Amino acid sequence: MRRGKPINKAFTVSMGDVEHMTACDYVGLVSGNKEENKMEKAGFTTTESAFVHAPIINELPVTLECTLVNVTDGSKFLGKIVNVSIDEKVGNAFKDGAALK
């Protein structure tokens, strides 16, 4: 994650699943400042959120779309969740009481 405030005062938090665990680890560990195409290398594509000016990772099942409220210590982001995007297969798993895999 970039340090300091996001330029657009918005951010997203995506949650991965077992299928994308390795790719999520990669984008979490590799700096976007050092690896320009890290999302592409991980096999991810993005779409601009309709609710905040920040990207949604299309392949991941859950995304919190947030506006920035505050940044402390240069790296702790406090946001207001304005929308939650949930893939139907994940939403149905919650609805049916099934465990996520």
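Predicted model: local features only at pLDDT ≥ 70, side-chain atom pairs only at ≥ 80, totals over all residues.
Me: In what order do the elements of the protein run from the N terminus on?

Reply: Helices (H or I, at least four residues) and strands (E, at least two) are DSSP runs, numbered from the N terminus. The protein has 3 helices and 5 strands. From the N terminus on, their order is β-α-α-β-β-β-β-α.

Me: What is the strand order of the open sheet of 3 strands?

Reply: Two strands count as paired if DSSP finds at least two bridges between them. Pairing in this open sheet is antiparallel, and the order of its 3 strands is 1-4-5.

Me: Which are the edge strands of this sheet?

Reply: An edge strand here pairs on one side only. Strand 1 is joined by 6 bridges to strand 4 (residues 62-72), and the two run antiparallel. The edge strands are strand 1 (10-15) and strand 5 (76-86).

Me: Which residue in strand 4 does Ser14 stand opposite?

Reply: Strands of a sheet pair through backbone hydrogen bonds, either parallel or antiparallel. Strand 1 and strand 4 run antiparallel. In strand 4, the residue opposite Ser14 is Thr63.

Me: How many residues does the largest nonpolar core have, and which are they?

Reply: A nonpolar core is a set of buried Ala, Val, Leu, Ile, Met, Phe, Trp, Tyr and Cys residues joined through side-chain atoms within 4.5 Å. In soluble globular proteins, nonpolar side chains tend to be buried together. The largest core has 6 residues, namely Ala23, Val27, Ala42, Phe44, Ile57 and Leu60.

Me: Which residues does His20 touch, not counting residues up to four places away in sequence?

Reply: His20 lies in the loop between strand 1 and helix 1 (21-29), and at 13% relative accessibility it counts as buried. Its C-alpha atom is separated by 8.0 Å from that of Glu59, 39 residues apart along the chain. With contact meaning heavy atoms within 4.5 Å, His20 touches Phe44, Glu59 and Leu60.

Me: How many salt bridges does a search of the whole structure find?

Reply: A salt bridge is a side-chain nitrogen of Lys or Arg within 4 Å of a carboxyl oxygen of Asp or Glu. Lys41, which is exposed at 54%, meets Glu35 in one at 2.8 Å, N to O. Lys76, partly exposed at 49%, forms another with Asp73, the closest N and O atoms being 2.7 Å apart. For the whole structure, the number found is 2.

Me: What value is phi of Asp73 near?

Reply: Asp73 is found in the loop between strand 4 and strand 5. Its relative accessible area is 66%, so Asp73 counts as exposed. Phi is positive in this residue other than glycine, with a value near 55 degrees.

Me: How many disulfides does the structure hold?

Reply: A disulfide is a covalent bond between the sulfur atoms of two cysteines, and here the criterion is a pair of cysteine sulfur atoms within 2.5 Å. Cys24 is partly exposed at 23% relative accessibility. The number of disulfides in the structure is 0.

Definitions and conventions. Residues numbered from 1 in each chain as written. Heavy atoms only, no water. Buried < 20%, exposed > 50% of the residue type's maximum accessible area, 1.4 Å probe, protein only.
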